[in-house]
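Welcome, and take a moment to look over the structure below. We will then walk through it together, one part at a time.

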Amino acid sequence: MADPLLELAGVSKAFGGLVVIDDLDLVVGEREIVSVIGPNGAGKTTLFNLITGIYPPDAGEIRLDGESLVGLPPYKITRRGAARTFQTLRLFLNMSVLENVMASQYGRTKAGILQAMVRTPRMRREEREIRAQAQEKLGFFGERLVGYRWNQPAYSLSYANRRRLEIARAMATEPRILLLDEPAAGMNPVETHEITELIGELRDEGGYTILVIEHDMHVVEGISDRVVALDHGVKIAEGTFEAVATDPRVVEAYLGASATARK
Amino acid sequence: MSEVPDTPALPEPDEARIGVDSWVAESDRRRAQRRGPLGLVARGWESSPDSVKLLVFIAFASTLPFWLNEGDLFSFGLFTLIYATLGLGLNVVVGWAGLLDLGYVAFYGIGAYGYALVSSPQYGIHWPAEAAIPAVMAATALLGLLLGFSARRLQGDYLAIVTLFFLQAFLAFTGTANPTVAGVGLTGGPNGIPNVDPLKFFGYELNSTKQQYFFLLGVLAVVAAAFYLANLSRTGRAWRALRDDPLAAEAMSMPVDRLKQLAFVIGAATAGLCGAIFAAIEGAVVSTDFTVSVLITIYAVVILGGLGSIAGVILGAVVINVSSQFLAPQNDHPEIKRWLFYGTVLLLVVLAVKPWYRAMVSLLGAVAFGFAVHAIVAAHAAPSWTSGVAVDAGSASTAKDIAGWVVIPVGHGNFDTLAYIAMVVALISVRNLSGWWRTVALIPTLYLTAVVWENLLAPNPAVTALILFGAMLVILMTSRPQGLLGKPRVEVV
């Protein structure tokens with residue numbers, strides 16, 4: 001494995017008496033694609049919420065490139081280089097496609113509101129860069145989100161395009177690691193195939209490290225360097241796709257105890 | 001052997017172009033469809049940049065002092081500008097950042113009291129405006145920062161309640177508490193602070209309404225331009241993003257709490273600026289100028305014009321202030337409100353009743369129906385049933401003409417109230433009818449509306465203003481919930 005970029009050590013989180021993440025260790029190396037799988041309620045999205053600071057962990061340590069993320073507000077974590085997409089799609093629906101991707105560059109730009117009101121040369125230069133960056137990130141998706149689409153409101157997009165826009169929006173924060181929460185959910189087989197290839201391109205051309213939650217096993221098989229299986233907040237298996245997919249504990253978690261018994 | 005003609009391959013007319021869906025492909029054609037001079041104006045207006053639109057408005061507004069008298073310029077001109085500037089500040093907080101701030105008017109009041117304290121005989125301090133206005137803005141901005149702390153924790157209704165409490169506390173403090181500071185009541189209690197200095201910049205005093213008007217117009221232009229540019233910057237985008245989804249905004253590197261507070265600060269400073277100018281123009285400050293009804297008016301300006309739209313807010317201020325000034329019980333043009341009323345009814349019928357000939361049938365039918373009813377009543381009932389005169393008609397002959405069409409009885413007790421009830425019933429039945437039944441039912445309904453206006457509404461201007469105002473807002477908001485120039489929003493799709 002390459003140098004570790006994201007490290008979780010002994011992370012736990014409970015909501016009241018319900019332990020959602022239990023003493024979890026996880027390492028994601030630089031330019032690695034790691035998939036997190038597990039049945040519903042396994043704690044996958046909570047894991048993302050912990051990494052991005054939406055909840056603080058009850059115990060344990062989360063480090064990005066050696067620096068602790070614990071206790072930082074979400075916007076600072078994103079500025080440190082961990083950007084996410086949402087399983088339930090949380091676009092800025094009333095803003096245009098281009099503006100969505102421009103807005104997420106807030107953290108890496110500086111011009112204050114007074115500079116904007118008088119349009120200083122520096123502010124205008126920065127604004128041009130923001131726009132160019134947004135167009136470049138949208139260009140990553142081929143024809144889908146360019147041209148006349150730039151000025152369409154996000155709510156007019158199809159479901160698949162919304163997923164793409166969320167990825168573009170996260171890319172524009174200039175993260176080192178992308179956390180993708182079910183990028184293929186609700187997509188048809190052709191689109192699912194596309195997203196599989198896209199995730200590979202994100203790493204190979206974009207240079208991102210990727211942690212992805214996915215239910216579609218074809219996608220997981222197609223993209224993963226490594227797969228981590230969670231159940232009830234505990235890591236039950238880790239390794240290559242083949243190793244994890246045939247691991248009896250994983251099969252049990254998905255299909256119940258009798259499935260393994262019958263084998 | 002015949003040659004095969006070499007025909008160029010024509011694209012199929014409805015061939016799908018890659019990446020262009022049908023709606024988009026059609027949009028150019030649809031736009032081109034609007035022909036004639038109106039279409040030309042519409043296209044020109046659409047394609048002109050916003051700076052040009054602002055200049056057109058400023059150019060038009062600067063002609064007002066040359067054809068309005070002093071009193072009208074004060075009530076129609078100055079107050080429209082104050083409402084517009086106040087509305088622009090509120091638009092930052094509510095329209096862009098999406099924070100329901102009901103304490104906004106308190107900052108307006110604090111600005112006014114602040115200016116009065118440093119520029120009046122109250123404490124014998126007479127700061128010039130170039131010092132007083134920035135000081136007042138800084139003070140209101142600071143208070144906005146403090147109140148903005150509540151926006152960090154509270155959302156929606158909860159924030160609204162806390163900020164409304166802030167406004168009520170301000171009113172209680174200035175109007176009732178009036179603590180004694182240095183031997184003088186700080187805020188003057190219910191009497192307020194009189195003899196506030198006029199605006200005086202570097203020794204140049206703005207005395208006449210005309211000077212004050214041009215000064216305010218300049219302020220509005222600067223504020224509108226500054227907010228327009230702010231909206232196009234990363235801060236503006238961040239505000240609109242957090243209004244749509246604060247959690248996603250936070251996850252996309254925007255410090256949501258700080259941005260909310262910034263919106264509060266900017267709104268408060270704008271309100272403070274307006275308050276200071278208002279105090280100087282009025283020459284006195286009283287806490288009753290900053291009540292909840294003012295808050296409602298400013299919200300009406302912003303919502304009617306269109307939340308989030310600068311041009312909309314300015315248009316909203318024009319519509320709200322001009323119509324409320326015409327409807328005000330004491331104004332120099334009592335005859336105009338009648339034509340506003342009839343004009344609005346006419347416009348509604350023409351716009352709402354389709355096709356056009358049905359609208360014509362209803363309108364002409366109502367006129368004929370009126371004369372017929374009047375003739376029957378005049379012939380068969382006691383003379384007291386038709387002996388009334390129209391109120392505030394402008395001229396005696398107009399009053400007589402109206403009384404020749406509308407039945408205006410004298411001394412018949414509850415006739416006006418009964419007519420009002422009948423009108424409401426008729427309106428409801430018209431709403432529930434369709435086709436030609438509706439067209440026919442509209443005839444007596446329209447006539448009843450005129451009867452109610454002449455007998456009940458015109459003689460009671462104070463009540464009428466509120467009823468008409470409410471009706472206007474309800475009709476507009478049901479037909480265009482996004483406001484006049486606002487964009488329709490979606491919350492969840």
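What covers the buried residues of H6(A)? Among the elements that do so are E6, H3, H5 and E7 of chain A, where contact means that the C-beta atoms of two residues, placed from the backbone, lie within 7 Å. Before going further, a word on the labels: residues are numbered from 1 along each chain as its sequence is written, while chains are lettered from A and ligands numbered from 1 in the order in which they are written. Please keep in mind that this is a predicted model, in which local features need pLDDT of at least 70 and side-chain atom pairs count only at pLDDT 80 or more, whereas totals for chains, interfaces and linings use all residues. Helices (H or I, at least four residues) and strands (E, at least two) are DSSP runs, numbered from the N terminus.

Let us stay with helix H6 of chain A, which covers residues 159-171. Ten of its 13 residues are buried; a residue is buried if 20 or more other C-beta atoms lie within 10 Å of its own, exposed if 12 or fewer, and partly exposed in between, with C-beta atoms placed from the backbone. Among the buried ones are Arg162(A), Leu165(A), Ile167(A) and Met171(A). The end C-alpha atoms of H6(A) are 19 Å apart, which agrees with the 18 Å that its 13 residues should span at 1.5 Å a residue. That expected span is 1.5 Å times one less than the number of residues.

Now turn to the sheets of chain A. Strands of a sheet pair through backbone hydrogen bonds, either parallel or antiparallel, and two strands count as paired if DSSP finds at least two bridges between them. One open sheet has six strands in the order E6-E7-E8-E3-E9-E10 (chain A), with mixed pairing. Its edge strands are E6 (82-84) and E10 (234-239) of chain A, each pairing on one side only. On average, neighbouring strands of this sheet are turned by 20° against each other, direction ignored. Helix H10 (residues 248-255) of chain A packs on the sheet, where it touches E9 (226-231) and E10 of chain A, and its direction makes about 130° with that of E10(A). Axes here are lines fitted to C-alpha atoms, for helices over the stretch in contact, and angles run from 0 to 180 degrees between N-to-C directions. Within the sheet, E7 (residues 177-181) and E8 (residues 209-213) of chain A run parallel and are joined by five bridges. Leu178(A) has Ile210(A) as its bridge partner in E8(A).

A second open sheet has four strands in the order E2-E1-E4-E5 (chain A), with antiparallel pairing. E2 (18-29) and E5 (67-68) of chain A each have a single partner strand, so one side of each is left without a neighbour in the sheet. Five bridges link E1 (residues 4-15) and E4 (residues 59-64) of chain A in the antiparallel sense, and the partner of Ala9(A) in E4(A) is Glu61(A). Helix H1 (residues 44-51) of chain A packs on this sheet, touching E1, E2 and E4 of chain A.

Finally, see where the chains meet: the contact takes 32 residues from chain A and 27 residues from chain B. On the chain A side, the largest share, four residues, comes from H2(A).
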